[in-house]
Amino acid sequence: GVRYCRSDRVLEGIRAHAAVLPDQHRWIRLGRERYAGKRVLFVLPVQNAGGGGNVVVAKTRILRRMGVDAVLFNLAGNREGFEAGHFQKDFPVLYGEVEDLRHYAAGFDAVVATAYFSVNMIRDYVDPRPGLRIGYFVQDFEPYFFAEGTRHYRDALRSYTLIPDMVCFANSEWTQRELIRQTGVDCRLAGPCFNMNDF
């Protein structure tokens, strides 16, 4: 019984989870002290749950625990598929046409792109104003998704410099290094994200 308890995978998971809880609570507290009351709009035009969209949802949940009013914007045509994949939705989502971004973004402190094509949406439909920060949550070096020289490759590569003073931040050191190496753009590290209660 002692050997079983010492090496049981479920108990190992519980012990690992318990070991990081103090750090988790400390980071949430520090986030509340620095950012509570801020408003952030993530532009996430995706149809389904999965991949990078799930990472943005996880970041949104964490920010909300820190007292940040973090909200997602998605296109109205994506609503059915997105909500089917996120049926336990504990975060707000604004749906609309791309033109509606102009109205929605007006009440936020920061508007954040989540994919190369959403940078275009922000550039074209978010009115710049004093105090508004534009960010790009870079989850991968997206030009590598396409054959070099294609229109999509060029659009993805241009997205990192499309908006002056846009703050780029990456979810991994590899993405951060690749972005700096390929474009020279200053990129900060946000780090990976997962829900510790799920894994």
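Two aromatic rings, from Phe, Tyr or Trp (its six-membered ring), count as a pair if their centres lie within 6.5 Å. In this predicted model, such ring pairs link Y136, F141, Y144, Y160 and W174 into a cluster.

**Aromatic rings**

- The structure holds nine aromatic pairs.
- Take F141 and Y144: their ring centres are 4.8 Å apart and their planes sit at 70°, so this pair is edge-to-face.
- F141 counts as buried because its relative accessibility is 0%, while Y144, at 41%, counts as partly exposed.
- F141 also pairs with Y160, and with centres 5.6 Å apart and planes at 10°, that pair is stacked.
- F141 sits in the loop between β5 and α7 (151-159), and Y160 in the loop between α7 and β6, so their pairing ties together parts that are 19 residues apart in sequence.
- Y160 is another buried residue, with 2% relative accessibility.

**Nonpolar cores**

- The largest nonpolar core is made of 29 residues, and the ones with the most contacts inside it are L41, V111, I122, V126, I134, Y136 and C168.
- Seen by element, two or more residues of this core come from each of β1 (39-43), β2 (69-75), α5 (101-105), β4 (110-113), α6 (116-125), β5 (133-138) and β6 (167-170).
- The top contributor is α6, which gives four residues.

**Helix α2**

- Helix α2 runs over residues 9-35, and at 1.5 Å a residue its 27 residues should span 39 Å; the end C-alpha atoms are 37 Å apart, which agrees.
- That said, α2 bends by about 35° at L21, with a proline, P22, following within four residues.
- Which residues of α2 are buried? They are Q24, I28 and G31, and what covers them includes α3 (51-65).

Technical notes. Residues are numbered from 1 along each chain as its sequence is written. This is a predicted model: local features need pLDDT of at least 70, side-chain atom pairs count only at pLDDT 80 or more; totals for chains, interfaces and linings use all residues. Side-chain values use heavy atoms; hydrogens and water are left out. A nonpolar core is a set of buried Ala, Val, Leu, Ile, Met, Phe, Trp, Tyr and Cys residues joined through side-chain atoms within 4.5 Å. Buried means under 20% relative accessible area, exposed over 50%, partly exposed in between (1.4 Å probe, protein chains only). The expected span of a helix is 1.5 Å times one less than its number of residues. The bend at a residue is the angle between axes fitted to the seven residues ending there and the seven starting there. Contact means heavy atoms within 4.5 Å. Rings of Phe, Tyr and Trp (its six-membered ring) pair if their centres lie within 6.5 Å; planes under 30 degrees apart count as stacked, over 60 as edge-to-face and the rest as tilted.
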